[in-house]
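Here is a short briefing on one protein model. Keep the sequence and the 3D view open as you read.

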Amino acid sequence: MLSVNYTLSSIFPTKSFPLFTPKSRTSISCTLPGTVAEPKSTATSEPLLLNAVRGIEVDRPPVWLMRQAGRYMKSYQTICEKYPSFRERSENVDLVVEISLQPWNVFKPDGVILFSDILTPLSGMNIPFDIVKGKGPVIFDPIHTAAQVDQVREFNPEESVPYVGEALTILRKEVDNKAAVLGFVGAPFTLASYVVEGGSSKNFSKIKRLAFSESKILHSLLQKFTTSMTRYIQYQADKGAQAVQIFDSWATELSPVDFEEFSLPYLKQIIDTVKKSHPKLPLILYASGSGGLLERLALTGVDVVSLDWTVDMADGRRRLGPNIAIQGNVDPGVLFGSKEFITDRINDTVRKAGRGKHILNLGHGIKVGTPEENVAHFFEVAKSIRY
């Protein structure tokens with residue numbers, strides 16, 4: 001049973017909201033952070049996730065899980081055994097649709113995210129790569145020179161990844177507006193990190209050497225990724241994505257001053273351009289370990305900032321202010337705990353997020369080996385919440 005013997009008044013300006021409660025219809029109220037914008041109106045024609053992001057009154061926070069398309073599900077492992085290549089799984093329309101729908105068919109989340117990878121556009125940009133089991137991304141010819149940047153083509157998704165558009169269109173029909181279909185892209189700095197480092201990295205020395213010794217080369221590469229990812233978001237929206245998440249996973253390896261040079265202006269350029277062509281498309285920004293950059297993430301103009309679990313949700317809400325929605329931020333490791341523990345963490349996160357403009361999610365991608373019954377419990381609890 002949820003305890004309501006708490007107050008955040010010592011931390012935040014206070015405003016009384018009815019607190020979420022299970023479906024018992026019991027009315028409970030307590031003090032919640034006063035920085036959340038008031039819900040504006042009621043609507044039922046759009047998926048719950050879209051209404052929540054737009055500040056429309058909803059009765060509970062929408063819920064989905066990052067990397068929910070596969071990874072931990074036995075049905076996904078069966079597909080992996082038959083199709084061991086990640087690229088084959090993510091570049092075949094039928095497989096993309098099947099894997100994307102696996103969590104939807106079982107858990108009915110409020111967001112159904114496309115099964116793909118942020119590196120999927122690279123081949124169409126003349127950057128050969130593969131994703132190797134047990135090793136991760138491998139860039140066959142890492143970029144370090146101006147001549148190599150000149151060889152990078154701007155991305156044309158219609159020509160290079162038509163399977164993405166086809167899959168999104170099918171997903172929209174299959175989900176039938178009962179949930180929001182989500183697309184996603186990689187942010188320019190994160191994509192540049194992969195292609196300069198040659199894959200994943202622990203210390204990012206190669207891209208930082210390029211940034212701090214030959215910044216003109218890096219800026220040229222970042223601009224190509226910016227133009228390309230802008231086009232990719234627009235393409236995904238045109239083909240059926242109802243919201244798009246931008247992953248800037250490695251931007252938090254930058255100091256704040258370097259983030260302002262090598263990430264922020266490019267993110268802002270993407271968002272400004274997309275907002276002109278698709279003004280109603282919600283854009284979500286996620287950067288792991290972003291506690292030192294939250295206020296700067298909000299400056300990009302995104303509709304939603306996704307918090308990782310190292311940021312206290314109440315602190316994140318206060319720092320981001322009332323006009324931006326938040327997503328997250330349960331530690332993925334919580335799903336290895338008891339059902340009671342999972343329930344407590346969900347309730348704590350929703351309480352701290354306050355009423356409205358919150359998408360319940362993990363603070364990072366779901367872990368391989370997560371018990372499916374615990375995922376089922378996560379969704380059951382999340383969907384029973386009422387503000």
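The backbone oxygen of valine 381 sits 2.8 Å from a polar atom in the side chain of serine 384. This is a predicted model: local features need pLDDT of at least 70, side-chain atom pairs count only at pLDDT 80 or more, and totals for chains, interfaces and linings use all residues. Residues are numbered from 1 along each chain as its sequence is written, and side-chain values use heavy atoms, with hydrogens and water left out.

**Serine 384**

- Serine 384 belongs to helix α16, residues 372-384. Helices (H or I, at least four residues) and strands (E, at least two) are DSSP runs, numbered from the N terminus.
- Serine 384 is partly exposed, at a relative accessible area of 21%. Buried means under 20% relative accessible area, exposed means over 50%, and partly exposed lies in between (1.4 Å probe, protein chains only).
- Serine 384 and arginine 60 are 324 residues apart along the chain, yet their C-alpha atoms are separated by 8.1 Å.

**Overall build**

- The protein has 16 helices and 11 strands.
- It has 387 residues, and 57% of them count as buried.
- Take the contacts between residues at least 6 apart in sequence: 71% of them join residues at least 24 apart. Contact means heavy atoms within 4.5 Å.
- The accessible surface is about 15700 Å², and carbon and sulfur atoms account for 49% of it. Accessible areas come from the Shrake-Rupley method with a 1.4 Å probe; for residues, only the protein chains shown count as cover.

**The largest pocket**

- The largest pocket holds about 1200 Å³ of space. A pocket is an open set of points on a 1 Å grid over the protein atoms alone, where a 1.4 Å probe fits, with protein on both sides within 12 Å along at least five of seven lines. Grid points are joined across faces, edges and corners, and the volume is the space filled by probe spheres set on the points.
- Its lining has 36 residues. Lining residues have an atom within 4 Å of a point.
- Arg67, Arg71, Phe86, Asp117 and Ile131 lie nearest the centre of the pocket.
- α2 (74-82), α3 (86-90), β4 (129-132) and β5 (136-139) each give at least two residues to the lining. The largest share, 4 residues, comes from α2.
- By class, the lining has 19 nonpolar, 10 polar and 7 charged residues. Ala, Val, Leu, Ile, Met, Phe, Trp, Tyr, Cys and Pro count as nonpolar, Asp, Glu, Lys and Arg as charged, and the others, Gly among them, as polar.

**Buried residues and their partners**

- Arginine 355 lies in the loop between α15 (339-353) and β11 (358-362). It counts as buried, at 14% relative accessibility.
- The side chain of arginine 355 makes a polar contact of 3.1 Å with the side chain of glutamate 57. A polar contact is a pair of N or O atoms within 3.5 Å; within protein, one must be able to donate a hydrogen and the other to accept it, and residues adjacent in sequence count only if both atoms are side-chain atoms.
- Histidine 278 lies in the loop between α12 (264-277) and β8 (283-286). It is buried, at 17% relative accessible area.
- Beyond its neighbours within four places in sequence, histidine 278 is in contact with Gln234, Ala237 and Asp238.
- Leucine 191, in helix α8 (residues 188-197), is buried at 1% relative accessibility.
- Setting aside residues up to four places away in sequence, leucine 191 touches Ile118, Leu119, Gly186, Phe225 and Met229. Leucine 191 and isoleucine 118 are 73 residues apart in sequence and 7.7 Å apart, C-alpha to C-alpha.

**Backbone points to check**

- The peptide bond from glycine 328 to asparagine 329 is cis, with omega near -10°. Asparagine 329 lies in strand β10, residues 325-330.
- Asparagine 126 has a positive phi, near 70°, and is not a glycine. It lies in the loop between β3 (111-113) and β4, and is partly exposed at 36%.
- Aspartate 176 also is not a glycine and has a positive phi, about 60°. It lies in the loop between α7 (162-175) and β6 (180-186), and counts as partly exposed at 46% relative accessibility.
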